[in-house]
Amino acid sequence: METNYYAFIYSPGPNWLTNQPITKQPLAGHFQYMNRLEDEGKLILGGGFTDSSGAMGVLQVSSLEEACEIIENDPAVKEGIVTAQTHPYYVTVAGQIKRSG
């Protein structure tokens, strides 16, 4: 099985709480889903933008179709809290990533 990388970008959706920062959005189901993907080795990194304009992440899966299916099944996408775009991603630089917080 070939493994590829896919970047996803989340933007506020129709059910995003207006005038509320990302930390106040109803994202509990989203975080549970992302933690499961990380445990499965599919989510390489992810996080919100500090200006609360959305979030992004990188998946390591076998196909664009799989990446799109994963993102479409995110509870935050299904609930309209965010909209998503998924793109094939070519890694050219990969330094050591340190988790913040």
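# A tour from a ring pair to a salt-bridge network

Select Tyr-10 to begin, a residue that is buried, with a relative accessible area of 3%; here buried means under 20% relative accessible area, exposed means over 50%, and partly exposed lies in between, with a 1.4 Å probe and only protein chains considered. What you have open is a predicted model, in which local features need pLDDT of at least 70 and side-chain atom pairs count only at pLDDT 80 or more, while totals for chains, interfaces and linings use all residues. Residues are numbered from 1 along each chain as its sequence is written, and side-chain values use heavy atoms, with hydrogens and water left out.

**Stop 1: the aromatic pair**

Rings of Phe, Tyr and Trp (for Trp, its six-membered ring) pair if their centres lie within 6.5 Å, and planes under 30 degrees apart count as stacked, over 60 as edge-to-face and the rest as tilted. By this rule the count comes to one aromatic pair, and that pair is Phe-8 with Tyr-10, tilted, at 5.1 Å centre to centre and with 55° between the planes.

**Stop 2: the whole chain**

Now zoom out and colour by secondary structure, where helices (H or I, at least four residues) and strands (E, at least two) are DSSP runs numbered from the N terminus. The chain has three helices and four strands, and reading along the sequence you pass through the pattern β-α-β-β-α-α-β. Of the 101 residues, 30% count as buried. Contact means heavy atoms within 4.5 Å, and among the contacts with a separation of 6 or more, 72% come from residues 24 or more positions apart.

**Stop 3: strand β3 and its partners**

Select residues 55-61, which make up strand β3 and are mostly covered, since five of the seven residues are buried. Two strands pair if DSSP finds at least two bridges between them. Strand β1 (residues 4-12) pairs with β3 in the antiparallel sense over seven bridges, and you can find Tyr-6 standing opposite Leu-59 in β3. Strand β2 (residues 43-48) also runs antiparallel to β3, joined by five bridges, with Leu-45 opposite Val-58 in β3. In a regular strand the side chains alternate between the two faces of the sheet.

**Stop 4: two residues with positive phi**

Follow the hairpin of β2 and β3, which has six residues between the strands, and in its turn select Ser-52, whose phi is positive, about 60°. Most residues other than glycine have a negative phi, and most peptide bonds are trans. Then move to Asn-19, which has a positive phi of about 60° although it is not a glycine. Asn-19 is found in the loop between β1 and α1 (28-39) and is exposed, with a relative accessible area of 74%.

**Stop 5**

Show its side chain, and you will find one of its polar atoms 2.7 Å from the backbone nitrogen of Leu-17. Leaving aside neighbours within four places in sequence, Gln-25 is in contact with Trp-16, Leu-17, Gln-20 and Ile-81.

**Stop 6: the salt-bridge network**

A salt bridge is a side-chain nitrogen of Lys or Arg within 4 Å of a carboxyl oxygen of Asp or Glu, and the structure holds three of them. Select Arg-36, Glu-40, Lys-42 and Glu-66 together, as these residues are linked in a network of salt bridges. Glu-40, partly exposed at 41% relative accessibility, bridges to Arg-36 with the closest N and O atoms 3.1 Å apart, and Arg-36 is itself partly exposed at 43%. Glu-40 also forms a salt bridge with Lys-42, where the closest N and O atoms are 3.7 Å apart. Lys-42 in turn reaches Glu-66, with the closest N and O atoms 3.6 Å apart. Lys-42 lies in the loop between α1 and β2 and Glu-66 in helix α2 (residues 64-72), so this pair ties together parts that are 24 residues apart in sequence. Lys-42 is partly exposed at 26% relative accessibility, and Glu-66 is partly exposed at 22%.

Definitions and conventions. Polar contact = N/O pair within 3.5 Å; in protein donor to acceptor, adjacent residues only side chain to side chain.
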